[in-house]
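Trainee: Could we go through how two parts of a protein chain meet?
Mentor: Gladly, let's look together.

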Amino acid sequence: MTTARTLRSVAELVDAGLMPPEAQHAGAAKVGERYAIALTPAVAALIDPDDPHDPIARQFLPDPAELLVRAEERADPIGDLAHSPVAGIVHRYPDRVLLKAVHVCPVYCRFCFRREMVGPSGLGTLAPDELDAAIAYVAARPEIWEVILTGGDPLVLSARRLRDLMERLAAIDHVKVVRFHTRVPVVEPDRIDAELVEALKASGKTTYVALHANHPRELTAQARAACARLVDAGIAMISQTVLLKGVNDDAGVLAELMRAFVENRIRPYYLHHPDLAPGTGHFRLGLAEGRALVEQLRGRISGLCQPTYILDIPGGHGKVPVLSDAVRESDDGCFRIRDFRGGEHSYPPRHD
Ligand code: SF4
């Protein structure tokens with residue numbers, strides 16, 4: 001399906017032939033009133049409208065199942081707000097911070113863990129004085145070694161604004177690494193041009209780009225070329241994938257995806273267990289299922305291709321590798337999880 005511009009409503013998706021006309025009067029339209037919708041031309045082109053199980057459609061087309069909120073789900077599943085000392089900063093671990101300069105994305109993923117914060121009615125873009133305060137927070141703390149630009153998708157910023165931001169980080173000696181979390185090389189590959197690549201390097205720090213992609217079909221020739229422009233310029237790339245029911249909950253699909261990353265000089269990094277974001281239960285597997293899937297990857301694909309299967313402990317207690325002795329299955333089928341500070345948690349969390 002070829003479209004010239006980003007599709008932002010159920011009506012536009014129907015016009016483009018990506019959803020049936022009835023969708024305008026059904027639950028999908030209600031979802032569109034509640035959560036942002038956006039599909040770039042590159043994403044729309046990947047969808048096969050004749051396949052009711054298309055893994056790309058499932059990630060981006062609104063689904064009435066999103067209206068079903070389960071008791072264990074929460075608006076801020078990984079506890080960003082509890083660890084935000086100033087607007088735009090999340091300081092959860094001592095040596096690194098998230099810097100969320102924008103809360104918009106070129107596409108909106110139906111399973112997004114920050115779905116209550118991103119989009120046109122989300123937390124917005126940091127005002128200049130808020131950005132000043134966020135940079136001052138980093139500058140005043142010598143223990144901060146890494147700044148992770150996330151959001152939203154930081155690569156929606158113009159090359160000029162990215163360059164400004166990177167030049168400000170250049171002045172902070174103790175920051176050694178700047179990392180960007182983005183979907184842009186896949187969903188808007190032409191945006192990765194020479195000017196943007198230069199802007200990403202403008203801090204003089206080591207720059208990492210963590211690419212979010214969930215299915216091997218996302219790595220089109222254009223997406224691969226965009227990644228090559230980054231890597232050829234000396235930017236290191238790592239991957240992030242969310243383990244999603246109906247998208248990539250299959251060892252063969254995951255193996256193909258991880259191999260595609262490595263072939264494109266992107267080191268597989270995290271395979272995320274899906275977070276407890278509202279209305280995303282239809283994407284979630286159990287931890288035991290996820291473990292069994294990831295164990296199938298061992299031996300099947302090269303050590304270079306093995307991601308770390310990771311759970312963000314609900315409530316902001318940090319990440320834990322699921323295949324480690326910090327995650328133990330109890331007799332009742334629930335899991336006991338030990339966080340990096342030694343705290344114990346249940347998963348799924350208990351709710352009273
Ligand atoms: S790109 Fe990331 S932040 Fe944006 S909607 Fe998708 S998962 Fe959420």
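**Where the two domains meet**

Mentor: Between domain 1 and domain 2, the rule finds 4 salt bridges across the interface. This is a predicted model, where local features need pLDDT of at least 70 and side-chain atom pairs pLDDT 80 or more, while totals for chains, interfaces and linings use all residues. Residues are numbered from 1 along each chain as its sequence is written, and side-chain values use heavy atoms, leaving out hydrogens and water.

Trainee: Why is the meeting of Arg-115 and Glu-66 called a salt bridge?
Mentor: The term asks for a side-chain nitrogen of Lys or Arg within 4 Å of a carboxyl oxygen of Asp or Glu. Arg-115 and Glu-66 have N to O at 2.5 Å, so the pair qualifies.

Trainee: Which residues make up domain 1 and domain 2?
Mentor: Domain 1 is 10-67 and domain 2 is 81-312, with bounds from an automatic or database domain assignment. Their C-alpha centres lie 24 Å apart. The contact (heavy atoms within 4.5 Å) takes 25 residues from domain 1 and 28 residues from domain 2.

Trainee: How much area do domain 1 and domain 2 bury between them?
Mentor: About 2000 Å², 56% of it on carbon and sulfur atoms. Buried area is the accessible area (1.4 Å probe) that two parts lose on being put together, summed over both, so that figure covers both domains.
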